[in-house]
Amino acid sequence: MTEIITIPAALLPRDGRFGSGPSKVSDAQLKALVDSQPGVLGTSHRQAPVKGLVRDVRAMLAELYALPEGYEVILGNGGSTMFWDAAAFSLVRERAQHCAFGEFGSKFAKATDLAPHLAASSIRTAPGGEAVLPEAEDGIDVYAWPHNETSTGVAVPVLRPAGIGDALTVVDATSAAGGIEVDIAQADVYYFAPQKSFASDGGLWFAIISPAAIARIEQIAASGRWIPESLSLKVALDNSRADQTLNTPAVATLVMMRAQLAWMLAGGGLGFAAGRSARSSGTLYDWAAGRDWAEAFVTDPGLRSPVVATIDLHPRVDSAELRRHLRAQGVVDIDPYRKLGRNQVRVGVYPAVDPEDVESLVQCMDYLVERLLT
Ligand SMILES: *Cc1c(COP(=O)(O)O)cnc(C)c1O
């Protein structure tokens, strides 16, 4: 291995964290943690200070998404992965349809497909870098797809398919929420976790749910189906309405999440936050288009994610070597998704990432590639 090529300090980003999750946590969020001491951290989640924190986060999410009448924000422990299992128990009546065009969409599809109390799922697939959309099908009561497939950098519209009757649309917004605008009325369930666009730690899940989703959750809970308590969305709904969780939540994560929501709302809301990501990802896609050794992995420009940009590199440019030089200088986590196995960089540009730091990042990559290509 060659020695590390020193990048001039003037080219380096001020903050070199470009991970797709966990992602950059801002200084303001850390300050919020310090400021919450004493009084919140290390105190009971059944008392007013932590309940107030949960209430703030729920109310701020409702404001960020300008929730339509009857929509509610619920939360629970276990992250989005746990939510998939909860959905298999509490949202799917008999059979789900999934769009699987990457790792995360495929994992949710597997969760319902293998659930013994459900019929085998209908799974629509597309290769990595492409997408497929939900389509009305007989006997389906849940249509599930990711708003943003984080493993490939593909973002698709959130649109209720025509002709689906009272079936629910259940959208994985783990990496989209907070960074991509959406017409929330198109989703019955829009769920996510705090470690992507909300720049916090993992471990919790949040879901924005429609009146139809609430009715479904209540109907299934009353049906006599065995549901583990920790995976019951009825239990989560009841607790959330009381600004509680079934069991102890990560209080520090909630403090950081509230701080990030406050920053988004102060800046102007979802349009402001999404605008930052769009600018950052635009920098990356434009940069790739201007290099003969780089190109956007997602060939259809309309599917290119505004929050996670995947850029293929020409075989002459070794992504691992490029990333080794960057990491040694504090520019980290632009690794491609493990299982995609491409010579690629994948850059998480959630709203917390400064668009100017992305301009620095591309300059750093140019600087290194000029010297690595001999
Ligand atoms: C990160 C991610 C997940 C998994 O989230 P966890 O909270 O780690 O379970 C699921 N779906 C998408 C689209 C993601 O980006």
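Helices (DSSP runs of H or I, at least four residues) and strands (runs of E, at least two) are numbered here from the N terminus. On that count, the chain has 10 helices and 12 strands. This is a predicted model, so local features need pLDDT of at least 70 and side-chain atom pairs count only at pLDDT 80 or more, while totals for chains, interfaces and linings use all residues. Residues are numbered from 1 along each chain as its sequence is written, and side-chain values use heavy atoms, with hydrogens and water left out.

Now for K339. That lysine sits in the loop between α9 (319–327) and β12 (344–348). K339 counts as exposed because its relative accessibility is 57%, the cut-offs being under 20% for buried, over 50% for exposed and partly exposed in between (1.4 Å probe, protein chains only). From K339 to Y190 is 149 residues in sequence and 26 Å in space, C-alpha to C-alpha.

Here are some whole-chain numbers.

| Property | Value |
|---|---|
| Buried share of the 374 residues | 59% |
| C-alpha box along the principal axes | roughly 70 × 55 × 35 Å |

An unreviewed UniProt entry annotates residues 42–331 as "domain: Aminotransferase class V"; such positions are given in the numbering used here, feature names are shortened, and annotations may be inferred rather than shown by experiment. The span 42–331 is 37% helix and 17% strand, and its end C-alpha atoms lie 33 Å apart.
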